[in-house]
Amino acid sequence: MRTFKQTGFNTLKIAIDGPAGAGKSTVARRIAEELGILYIDTGAMYRALTWKALQSKINLSAPGELHQLARATVIDLQDNGHGMRVYCDGQDVTTQIRSPEVSRMVSVVAADDNVRQVMVDKQRAIALRSDVVMDGRDITHCVLPDAEYKFFLTASLDVRTMRRGQELQSQGYEVDLARLKQEISERDQRDMNRKVGPLMITPDAVVIDTSDIDCEGAVRKVLGIVREG
Ligand code: CDP
């Protein structure tokens with residue numbers, strides 16, 4: 001028997017938003033594992049499209065080109081039991097989409113209204129079919145405004161920069177922390193200030209600041225709330 005709060009949906013929805021490097025993906029993946037439900041990393045979808053846009057060298061500022069690309073691209077997220085893999089038109093791009101080049105351009109691609117519409121439609125279609133933990137920037141107020149549980153994960157810019165720097169170093173990148181901090185801050189600004197689906201805290205979201213707690217601490221907080229119903 002289900003022990004979670006339910007509103008309208010016949011499937012469980014957990015929506016998590018927050019800025020870059022707040023720990024959303026790690027926390028969301030662990031929550032999904034604990035509950036045995038699907039995890040959708042919507043940032044990975046925008047990243048995969050950005051990777052393809054950079055590969056195909058399309059003109060990012062030409063009206064319609066990104067929209068056309070978004071409609072023609074098949075993005076697939078698959079959990080093979082050893083973490084999530086991201087496929088773009090059948091090609092595994094899990095590693096490529098985390099590159100600094102993609103990180104620099106993704107918020108430009110994600111600011112395109114038509115691109116967002118294509119992505120949001122795909123994300124809602126997935127959520128209609130199954131219980132899901134979904135993380136991103138617009139999940140609590142745009143993709144799943146009726147989600148039973150909404151969280152906003154955040155942390156100080158310095159902590160987020162340190163975390164992202166460590167991640168990148170472990171992937172073999174050389175990291176200039178001052179530049180990384182500047183890039184994260186610019187991405188946050190672009191994500192917060194765009195017209196459609198901006199990053200924001202909704203009044204019904206529980207804010208969790210992960211500056212002084214590790215991801216497991218955040219996971220425990222989220223699970224405590226979800227299991228309480
Ligand atoms: O992992 P990180 O926190 O760096 O970001 P991400 O979740 O991979 O998202 C990368 C970028 O995609 C964000 O900076 C946004 O520009 C965009 N994004 C978005 O616009 N809407 C979403 N629901 C998810 C990501």
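Q: Which side chains meet in a salt bridge at 3.9 Å, N to O?
A: Those of Glu34 and Arg227. A salt bridge is a side-chain nitrogen of Lys or Arg within 4 Å of a carboxyl oxygen of Asp or Glu.

Q: Where do Glu34 and Arg227 lie?
A: Glu34 is in helix H1 (residues 24-35) and Arg227 is in helix H9 (residues 215-228), so the pair ties together parts that are 193 residues apart in sequence. Helices are DSSP runs (H or I, at least four residues), numbered from the N terminus.

Q: How many salt bridges does the structure hold?
A: It holds 16.

Q: What should I know about the model?
A: It is predicted: local features need pLDDT of at least 70, side-chain atom pairs count only at pLDDT 80 or more, and totals for chains, interfaces and linings use all residues. Residues are numbered from 1 along each chain as its sequence is written, and side-chain values use heavy atoms, with hydrogens and water left out.

Q: On to the ligand. How many residues surround it?
A: 20 residues do, each with a heavy atom within 4 Å of the ligand. The closest are Arg47, Arg116, Arg164, Arg187 and Asp191.

Q: What classes are in that shell?
A: Five nonpolar, five polar and 10 charged residues. Asp, Glu, Lys and Arg count as charged.

Q: Which element gives the largest share of the shell?
A: H2, with four residues.

Q: What does Arg187 do at the ligand?
A: A polar side-chain atom of Arg187 lies 2.7 Å from a ligand oxygen atom. For Asp138, a side-chain N or O atom is 2.8 Å from a nitrogen atom of the ligand.

Q: How much of the ligand does the protein cover?
A: It covers 98% of the 520 Å² of accessible area that the ligand has on its own (Shrake-Rupley method, 1.4 Å probe).

Notes
A polar contact is a pair of N or O atoms within 3.5 Å; within protein, one must be able to donate a hydrogen and the other to accept it, and residues adjacent in sequence count only if both atoms are side-chain atoms. Helices (H or I, at least four residues) and strands (E, at least two) are DSSP runs, numbered from the N terminus.
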